[in-house]
Amino acid sequence: MPLKTKIECPSCHQDLTIKRGGKCPNCGIAISAHVARMRARERRIEQTVAIIGSILVLALFLTTTGVSLGLIEGAAVYAAVGAVMFFVARKTFS
C-alpha cells in the first residue's frame, strides 16, 4: 500500500493540495516540473520497496519450506517480515 506524501512548494514551502494550472496557489510560481520530479521519486521508492519486499518474501518461503515450522512460527515470521517492510517504507518516505 503506497504511503501518501505531501508535496511542498519549492518557493514558499506550503503544502500543495490543489495544483491548478501548474502554479502554486499561494505564491504563483510554476511548479509542474517540481511535482513531476517528486512523483517520479515516489514511484522509484515504491518500486524499490516492492522489490525488496518480494525478495524477502521469496527468501522467507525458501527458508521455511525446508524446515518444518508450525503454523504459529510461520505466521510470526511473516509478521516480522511485514513489520520490517512497513518500517523501511516509513523511513524512506519521511
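User: Let's start with Cys 12. Is Cys 12 buried, partly exposed or exposed?

Analyst: The general idea is to look at relative accessibility and see which class a residue lands in. This is a predicted model, and in it Cys 12 has 25% relative accessibility, so it counts as partly exposed.

User: How many disulfides does the whole structure have?

Analyst: Here you go by the distance between cysteine sulfurs, and a pair has to sit within 2.5 Å to count. A search of the whole structure turns up zero disulfides. For Cys 9, the nearest cysteine sulfur is that of Cys 12, 3.6 Å away, and Cys 9 is in no disulfide.

User: Which residues make up the largest nonpolar core?

Analyst: In soluble globular proteins, nonpolar side chains tend to be buried together. In this structure the largest nonpolar core has six residues: Ile 7, Cys 9, Leu 16, Cys 24, Ile 31 and Val 35.

User: What is Leu 16 in contact with, leaving aside its neighbours within four places in sequence?

Analyst: With those neighbours set aside, Leu 16 is in contact with Ile 7, Glu 8, Cys 9, Cys 24, Pro 25, Ile 31 and Val 35.

User: How should I read phi for His 13?

Analyst: Start from the background: most residues other than glycine have a negative phi. His 13 is not a glycine, yet its phi is positive, at about 60°. You'll find His 13 in the segment before H1, and it is exposed, with a relative accessible area of 52%.

User: Now the big picture. How many helices and strands are there?

Analyst: The protein chain has two helices and zero strands. Helix H1 covers residues 32-66, and helix H2 covers residues 71-93.

User: What share of the protein chain counts as buried, and what does the chain expose?

Analyst: Of its 94 residues, 20% count as buried. The chain exposes about 7000 Å², and carbon and sulfur atoms supply 63% of that.

User: Which residues make the nonpolar surface patch?

Analyst: Val 57, Leu 58, Phe 61, Leu 62 and Tyr 78 make a nonpolar surface patch of about 490 Å². Helix H1 gives the most to the patch, with four residues. Tyr 78 has its place in helix H2 and is partly exposed, with a relative accessible area of 40%.

User: Where does Val 57 lie, and what is it in contact with?

Analyst: Val 57 lies in helix H1 and counts as partly exposed at 39% relative accessibility. Leaving aside neighbours within four places in sequence, Val 57 is in contact with Tyr 78 and Val 81. Val 57 and Val 77 are 20 residues apart in sequence, with 9.9 Å between their C-alpha atoms.

Terms used. Residues are numbered from 1 along each chain as its sequence is written. This is a predicted model: local features need pLDDT of at least 70, side-chain atom pairs count only at pLDDT 80 or more; totals for chains, interfaces and linings use all residues. Side-chain values use heavy atoms; hydrogens and water are left out. A nonpolar core is a set of buried Ala, Val, Leu, Ile, Met, Phe, Trp, Tyr and Cys residues joined through side-chain atoms within 4.5 Å. Buried means under 20% relative accessible area, exposed over 50%, partly exposed in between (1.4 Å probe, protein chains only). Contact means heavy atoms within 4.5 Å. Accessible areas come from the Shrake-Rupley method with a 1.4 Å probe; for residues, only the protein chains shown count as cover. Patches are made of residues with over 30% relative accessible area and no salt bridge: like charges are joined within 9 Å, nonpolar side chains (Val, Leu, Ile, Met, Phe, Trp, Tyr) within 5 Å. A salt bridge is a side-chain nitrogen of Lys or Arg within 4 Å of a carboxyl oxygen of Asp or Glu.
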